Amino acid sequence: MERLLIATKNEGKIKDFRQLFSKYGIEILSLLDLDFNQDIEETGTTFEENAAIKAETIAKQFQIPVLADDSGLEIDALDGRPGIYSARYAGEKKDDQANLHKVLKELKGIPNKDRTARFVCVLALARPNIQTIFKKGTCEGIIGGSPVGENGFGYDPIFYPLGHSATMAQMTHKEKNEISHRSNAIKQLDDWLSLE
Ligand SMILES: O=P(O)(O)OP(=O)(O)OP(=O)(O)OC[C@H]1O[C@@H](n2cnc3c(O)ncnc32)[C@H](O)[C@@H]1O
Ligand SMILES: [Mg+2]
């Protein structure tokens, strides 16, 4: 396999996947490379359901193997929110800045020890006539008091991975990809990747 289609329009994810799959010699295509303008509605109630909806919709349409990523931030003090609603936490417009400021506001006054959280990434691999498989990766951390750093995307500026004094947005892309939820999920695809 030399090319893999990822059913996403998120440029931050695409950049992560490009780097993470380059060591397997796999080139990444996304929905931004295809003539696919439909919005896939994420009507599931779990990361798995939403990842399956995205992967299976595209695999069916193009009749090729497709990987999809459904991910988000689970904050313990917020009972797991924003969770599967991470992309649209502050509204349907999907505004990264508005989303992270909403989280900071909700966590106002909560001490560091109670600001534990994790990034979750569920990958669904859908192939024509084969049952979809799922792989899950997580990355534990702490939510900071204000956004720091310019790299990455989404909630990276407020997420301090456990044991690090830098947010994911202060890390280089390579550093983030060594510890991220997305890389931890991809590592579990190793079997499938080495078979191809
Ligand atoms: O559905 P697609 O097209 O893949 O793109 P999306 O942005 O809507 O993606 P999700 O539905 O999976 O929502 C995930 C959200 O969680 C956040 N997120 C996921 N991975 C992240 C990461 O590595 N760093 C920072 N935030 C992340 C980010 O805000 C994403 O928009
Ligand atoms: Mg989405």
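Predicted model: local features only at pLDDT ≥ 70, side-chain atom pairs only at ≥ 80, totals over all residues.
Let me begin with the burial of Asp70, which counts as buried because 27 C-beta neighbours lie inside 10 Å, where 20 or more would already be enough for that label.

Where in the fold does Asp70 sit? Asp70 is found in strand β3, which covers residues 66-75. If we set aside its neighbours within four places in sequence, the residues in contact with Asp70 are Phe47, Asn50, Ala51, Lys54 and Val122.

Turning now to the protein chain as a whole, there are 6 helices and 6 strands, and, read along the sequence, they follow the pattern β-α-β-α-β-α-β-β-β-α-α-α. Of the 196 residues in the chain, 36% are buried, and Asp70, as I said, is one that counts as buried. Among the contacts between residues at least 6 apart in sequence, 54% join residues at least 24 apart.

Finally, the overall dimensions: the C-alpha trace spans about 50 × 30 × 25 Å along its principal axes. The radius of gyration of the protein chain is 17 Å, which agrees with the value near 16 Å that a compact globule would have with 196 residues.

Terms used
Residues numbered from 1 in each chain as written. Chains lettered and ligands numbered in written order. Helix = DSSP H or I, 4+ residues; strand = E, 2+ residues; numbered from the N terminus. Rg over C-alpha atoms; globule rule 2.2 N^0.38 Å. Buried ≥ 20, exposed ≤ 12 C-beta atoms within 10 Å, placed from the backbone. Contact = placed C-beta atoms within 7 Å.
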